[in-house]
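Subject: Handover of a structure, with findings

Dear colleague,

Please find below the structure that I am passing on to you.

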Amino acid sequence: MPHADHPYFTLMLQAVELALEYKFRTRPNPCVGALLVKDGIAAAHGVHKGAGFPHAEVEVLEDAARKGVNPAECTMLVTMEPCRHQGRTPPCTEAILASGVQRLIVGTLDPNPEASGGAEFLRSRGLFVEVGIAEQECLDLIDDFITWQTTDLPYVLLKLAGTLDGRIAARTGHSRWISSPESREMTHRLRRHMQAVLVGGNTFYLDNPELTCRIGDAHLPEAGEEAQPLAVVATSRLPDAGQNMHLIQHRATKTIVWTTAAAAAGTKAEALRRHGVRVIGLPSKAGPALRGRGMRAELDIKEGLVGLRRDMDCGYVLCEGGGCLGLSLLDMGLAREFLLHLAPKILGDNEAVPIFDGRAPMHIDQALQLRITDTARCGSDVMLALRSARQHDAKDEGRG
């Protein structure tokens with residue numbers, strides 16, 4: 001499989017960055033970027049901007065026409081295999097053939113069986129086609145699309161903020177504010193693209209959150225209530241319908257509570273439903289062993305996530321904690337992307353709330369393995385973007 005020394009590796013990363021500008025906006029389609037390269041330089045750029053808009057391959061050819069660039073003299077780079085089926089737009093393979101392009105460099109194959117096969121089709125028409133350049137980065141780019149195509153789950157992002165010594169709250173539960181204003185602004189921008197925001201019971205009771213987007217700019221106008229994400233709370237302890245909690249009193253019709261089957265059948269649940277809250281009973285399953293206390297029962301979060309996509313058309317779900325819920329999502333492989341904001345603060349208290357707690361590994365090799373996909377400064381914080389180390393183990397099958 002080609003590595004970083006491949007002549008088109010860096011340019012493919014440039015196409016990935018181009019596509020990332022439209023992340024979360026292309027649903028149900030994947031994010032795709034394309035370049036036309038001449039003499040080692042990107043001469044034209046294209047990106048898919050959303051459902052109904054031209055695909056990246058068509059966009060880059062249109063950009064070339066505007067700039068007077070002859071595609072036949074260029075190599076086309078595209079982060080995902082060109083489609084060869086008729087959907088809302090014509091097959092990209094036909095546009096490529098008509099352009100005169102003779103060389104095609106592809107990041108990764110299309111996971112959609114209805115649209116795949118474009119690379120082999122173009123090879124059969126005489127084009128030189130190479131697949132698998134910066135493949136890991138290209139797979140990460142379309143991980144939401146892969147999730148929708150291969151599972152019945154929404155795409156789940158986990159976001160947590162912690163101190164340098166790995167704490168998300170003081171021993172009292174106080175956590176405002178660990179992260180910087182810039183990190184909090186990034187969270188609001190992220191919420192704007194989500195169909196649901198998920199928290200655990202401790203976060204719900206301690207923080208009394210709103211779970212709304214409260215920011216606007218040219219691309220993200222301040223959302224009215226109808227455009228706000230659903231609020232989802234996972235807890236076995238149901239609140240009272242009259243309790244002074246923001247989600248109950250001000251966002252009841254946009255709030256879902258996941259709880260045990262027994263609690264969902266009780267009087268508290270009925271009172272919440274009359275108030276407008278959706279209360280859903282989930283099956284229980286064995287959770288990770290707590291130190292010295294054996295296995296514990298926890299809600300089957302996967303079942304709840306499947307229901308969000310099936311019943312509420314949730315493509316994106318953001319989990320904002322707490323640590324036990326976040327750990328469960330990572331442990332079960334449900335969190336596809338993990339954003340960790342580390343603040344340059346130290347509590348130095350073993351009784352403070354840890355970022356993660358609940359597992360009892362006896363050896364280091366039993367740790368959950370993650371890989372860092374990005375790092376960035378966010379005000380005074382450092383943001384780490386991580387994914388499972390086992391996610392998208394690229395194979396050489398079908399490459400050429």
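In which loop is Trp 177 found? Trp 177 belongs to the loop between strand 7 and helix 7. Please note that the model is a predicted one.

Pro 28 sits in the loop between helix 1 and strand 1, the latter spanning residues 33-38. A further point concerns Ala 134, which is not a glycine and yet has a positive phi of about 50 degrees. Ala 134 is located in the loop between strand 5 (128-131) and helix 5.

The largest pocket

The volume of the largest pocket is about 1,400 Å³. Its lining is made up of 49 residues, and those closest to the centre of the pocket are Gly 200, Asn 202, Thr 203, Gly 321 and Gly 322. Several elements give two or more residues to this lining, among them strand 6 (155-163), strand 7 (167-169), helix 7 (181-191), strand 8 (196-200) and helix 13 (323-331). Helix 8 (201-207) is also one of these elements, and helix 8 gives the most to the lining, with 5 residues. By class, the lining of the largest pocket has 19 nonpolar, 17 polar and 13 charged residues.

The second largest pocket

The second largest pocket holds about 1,000 Å³ of space. It is lined by 31 residues, of which Leu 20, Lys 23, Glu 337, Asp 374 and Met 383 are the closest to its centre. Two or more residues of this lining come from each of helix 1 (9-20), helix 5 (135-141), helix 7, strand 15 (335-343), strand 17 (370-378) and strand 18 (381-388). Helix 7 provides the largest share, 5 residues. Helix 7 is also among the elements that give two or more residues to the lining of the largest pocket. Divided by class, the lining of the second largest pocket has 13 nonpolar, 4 polar and 14 charged residues.

The cavity

Rolling a probe the size of a water molecule over the atoms shows where empty space is left. The structure has 1 cavity of 30 Å³ or more. The largest cavity has a volume of about 70 Å³. The residues that line the largest cavity are Leu 330, Gly 333, Ala 335, Leu 368, Gln 369, Leu 370, Arg 387, Ser 388 and Arg 390. Of these lining residues, 4 are nonpolar, 3 polar and 2 charged.

The packing of helix 2 with helix 3

Two packed helices are described by the angle between their axes and the distance between the axes. For helix 2 (residues 56-67) and helix 3 (residues 92-99), the axes come within 9 Å and cross at roughly 30 degrees. Helix 2 is therefore roughly parallel to helix 3. The crossing in which helix 2 passes helix 3 is left-handed. On the side of helix 2, the contact is made by Glu 57, Val 58 and Leu 61, while helix 3 brings Cys 92, Ala 95, Ile 96 and Ser 99. The residues of this contact comprise 5 nonpolar, 1 polar and 1 charged.

Yours sincerely,
A colleague

How values were computed:
Residues numbered from 1 in each chain as written. Predicted model: local features only at pLDDT ≥ 70, side-chain atom pairs only at ≥ 80, totals over all residues. Heavy atoms only, no water. 1 Å grid on protein atoms, 1.4 Å probe; cavity = no way out; pocket = protein on both sides within 12 Å on 5 of 7 lines; lining within 4 Å. Points joined across faces, edges and corners; volume = space filled by probe spheres on them. Nonpolar A, V, L, I, M, F, W, Y, C, P; charged D, E, K, R; others polar. Axes fitted to C-alpha atoms, helices over the stretch in contact; angles between N-to-C directions. Helix = DSSP H or I, 4+ residues; strand = E, 2+ residues; numbered from the N terminus. Parallel < 35°, antiparallel > 145°, perpendicular 65-115°, else oblique. Left-handed = near helix turned anticlockwise from the far one by under 90°. Contact = heavy atoms within 4.5 Å.
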